[in-house]
Amino acid sequence: MPSSKPRPNYLWSMFSMHCPRCRRGKLFKDYSAYNFKHTFDMHDECPVCKQKFDMEPGFWYGTGYVSYALTVAISVATFVAWWVLIGVSFSDNRVFWWLGLNSAFLLILQPWLMRLSRAMYLYFFVRYNEDYETSEPHRFDY
């Protein structure tokens, strides 16, 4: 029988960096992405459902592509917003102001984006399971 607990929201669980299988356990040991000594400290498995996070050797290399896509999407969004609100012009250096501010914005967001890319990448491979309390965690063959 499926669990009577409410199903956690997909996007909220991903952006708050919870386990993709149960959507309740935290992915990272430290709450803040800006504690630079522990930015990537993840649990080996979900504290709630025991889903293993490091699926295979080299698993996290794919997060570079996700992180790249996120930064491109943010850059495009800020460029469009800048263009609509302020305008783009080379004559008075407005485009260079956008470039500098966008770079600073991405630099500030980078620790959080790197964590988010790990969460999003893990969500590609592990699906939500309503019966996570009684079923076995998803395993990969390698």
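Tutor: What follows starts with the ring pairs and then moves to other local features. This is a predicted model, in which local features need pLDDT of at least 70, side-chain atom pairs count only at pLDDT 80 or more, and totals for chains, interfaces and linings use all residues. Residues are numbered from 1 along each chain as its sequence is written, and side-chain values use heavy atoms, with hydrogens and water left out.

A pair of aromatic rings is described by the distance of the centres and the angle of the planes. Rings of Phe, Tyr and Trp (its six-membered ring) pair if their centres lie within 6.5 Å; planes under 30 degrees apart are stacked, over 60 edge-to-face, and the rest tilted. By this rule the count comes to 9 aromatic pairs. One of them joins tyrosine 34 and phenylalanine 36 edge-to-face, at 6.3 Å centre to centre with 80° between the planes. Accessibility sorts residues as follows: buried means under 20% relative accessible area, exposed over 50%, and partly exposed in between (1.4 Å probe, protein chains only). Tyrosine 34 is partly exposed at 38%. Phenylalanine 36 is exposed at 61%.

Phenylalanine 59 and phenylalanine 125 also pair edge-to-face. Their centres are 5.4 Å apart, and the planes make 65°. Phenylalanine 59 sits in the loop between helix 1 (10-15) and helix 2 (63-85), and phenylalanine 125 in helix 3 (residues 94-125), so this pair ties together parts 66 residues apart in sequence. Helices here are DSSP runs (H or I, at least four residues), numbered from the N terminus. Phenylalanine 59 is buried, at 5% relative accessibility. Phenylalanine 125 is partly exposed, at 34%. Both rings belong to one aromatic cluster, formed by Phe59, Trp60, Tyr121, Phe124 and Phe125.

Arginines come next. A charge sits over a ring if NZ of Lys or CZ of Arg is within 6 Å of the ring centre and within 35 degrees of the ring normal. Arginine 118 lies over the face of tryptophan 60, 4.8 Å from the ring centre. Arginine 115 lies over the face of phenylalanine 28, at 4.3 Å from the ring centre.

Now the surface. Tyr68, Val72, Val76, Val80, Val84, Leu85 and Ile86 make a nonpolar patch of about 720 Å². Patch residues have over 30% relative accessible area and no salt bridge, and nonpolar side chains (Val, Leu, Ile, Met, Phe, Trp, Tyr) are joined within 5 Å. A salt bridge is a side-chain nitrogen of Lys or Arg within 4 Å of a carboxyl oxygen of Asp or Glu. Valine 76 is in helix 2, and is partly exposed at 49%. Valine 76 and asparagine 102 are 26 residues apart in sequence, yet 9.9 Å apart in space, C-alpha to C-alpha.

Two backbone angles deserve a check. Most residues other than glycine have a negative phi. Arginine 23, in the loop between helix 1 and helix 2, has a positive phi of about 60°. Arginine 23 is buried, at 10%. Asparagine 93 has a positive phi of about 65°. Asparagine 93 lies in the loop between helix 2 and helix 3, and is partly exposed at 39%.

Serine 13 is in helix 1, and is buried at 2%. Leaving aside neighbours within four places in sequence, serine 13 is in contact (heavy atoms within 4.5 Å) with Pro8, His18, Arg23 and Tyr123.

Methods: Helix = DSSP H or I, 4+ residues; strand = E, 2+ residues; numbered from the N terminus. Patch = residues over 30% accessible without salt bridge, like charges linked within 9 Å, V, L, I, M, F, W, Y side chains within 5 Å. Areas by Shrake-Rupley, 256 points an atom, 1.4 Å probe, with all protein chains shown as cover.
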